[in-house]
Amino acid sequence: MNVSLSTNGTGASSEIAEEIRSAGLKEIQVSIHAPDETHDRIVGVQGAALRSFSGLRNLIEAGLGVTVAAVATRTNCSLLPELAQKIAKMGAKHFRVLRLMPHSHETLRQIVPRMEMQVLVKRLRQLEKELQEFTIEIHTSPGFLDTSASELREYSILHPLCHTCTAGKLSMAILSDGNCVPCLELKDPKFECGNVLRDPLAEIWRAKPMSLLRSVTPHRYHGKCGDCELKWTCYSARCVSYNLGGDLLGNDESCYRLLSNAD
């Protein structure tokens, strides 16, 4: 069983960082979306960037395996290479660029256009070669690649395995109050599976929402996702399908094949 903590880092004092390490946690992900005050605008909290970078420094100095994660959007796309350089200089060893999981059609418009995403991927790959002992992992929305051999070779670092949604199958999320859900993006009360502070883990894993997510596989998709020949390898987000359309088996509207402004 692998356990990782995801945090914005703002509360990670030196003392808390040491407590986390002493408790046995080996992996921690700190969400920072820009190298400057742009992060504050994205999260809607003034001064958040300074506090997150301070927490990141404390976690690194405590000897934890730290990954910095940034969600790529139109707002911060051009700043992500600078962010990678900044955290590498601080001592972080891993940078993860996450795809946007929109909860509304308004945030759907923040998905990075395909051409800009291609530029970002190439810049980050070059940067990874320049920085020593520093790795960069990149996630994109479905439909970013076509099926041509040349593109698959060029972008082989993206989703190197064939995936379906892992929620309830290989993973689950524990929220800050102890409540458990199959996925961090599925926080609707109907998906609550119990509380880890109160209920046995095996009971939580057998809860109906977990079983429901285990039944969600590409052969059951409908709509355009169901008809797509790439559905077994695209890593579509069932949370996006649910949050935008109310249907776990429907269309992932964040897919570049479905976006009207993809390019």
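Author: Let's start with Arg198, which is exposed at a relative accessible area of 59%. Please keep in mind that this is a predicted model.

Reader: Happy to. With which residue does Arg198 form a salt bridge?

Author: The general idea is that side chains of opposite charge can pair when their charged atoms come close. Here the partner of Arg198 is Asp199, and the closest N and O atoms lie 2.9 Å apart.

Reader: Is Asp199 buried or exposed?

Author: The cut-off for buried is under 20% relative accessible area. Asp199 has 15%, so it counts as buried. Arg198, by contrast, is exposed.

Reader: How many salt bridges does the whole structure hold?

Author: A search finds eight. Another of them joins Arg21 to Glu18, with 2.5 Å between the closest N and O atoms.

Reader: Why are Arg21 and Glu18 about one helical turn apart?

Author: Because they sit three residues apart in helix H1, which covers residues 14-22. Both are partly exposed: Arg21 has a relative accessible area of 37%, and Glu18 has 32%.

Reader: And which residue meets Arg257 in a salt bridge?

Author: That is Glu229, at 3.2 Å from N to O. This pair links distant parts of the chain, 28 residues apart: Arg257 is in the segment after helix H11 (238-245), while Glu229 is in the loop between helix H10 (223-227) and H11. Arg257 is partly exposed at 42% relative accessibility, and Glu229 is exposed at 59%.

Reader: Now to the strands. In what order do the strands of the sheet run?

Author: To read a sheet, follow which strand pairs with which. Here five strands form an open sheet in the order S1-S2-S3-S4-S5, with parallel pairing. S1 and strand S5 (135-138) are the edge strands, each pairing on one side only. On average, neighbouring strands are turned by 20° against each other, direction ignored.

Reader: Over how many bridges do S2 and S3 pair?

Author: Strand S2 (residues 27-31) and strand S3 (residues 65-71) pair in the parallel sense over five bridges.

Reader: Which strands does helix H6 lie across?

Author: Helix H6 (residues 114-130) lies across strand S4 (94-98) and S5, and runs at about 160° to S5.

Reader: One last stop, Glu253. Where is Glu253 found?

Author: Glu253 is in the segment after H11, and at 27% relative accessibility it is partly exposed.

Reader: Which residues does Glu253 touch?

Author: Leaving out residues up to four places away in sequence, Glu253 touches His105, Leu108, Val240, Leu244, Leu258 and Leu259. As a further reference point, Glu253 and Ile138 are 115 residues apart in sequence and 20 Å apart in space, C-alpha to C-alpha.

Note on methods:
Residues numbered from 1 in each chain as written. Predicted model: local features only at pLDDT ≥ 70, side-chain atom pairs only at ≥ 80, totals over all residues. Heavy atoms only, no water. Pairing = 2+ DSSP bridges. Helix = DSSP H or I, 4+ residues; strand = E, 2+ residues; numbered from the N terminus. Axes fitted to C-alpha atoms, helices over the stretch in contact; angles between N-to-C directions. Contact = heavy atoms within 4.5 Å. Salt bridge = Lys/Arg side-chain N within 4 Å of Asp/Glu carboxyl O. Buried < 20%, exposed > 50% of the residue type's maximum accessible area, 1.4 Å probe, protein only.
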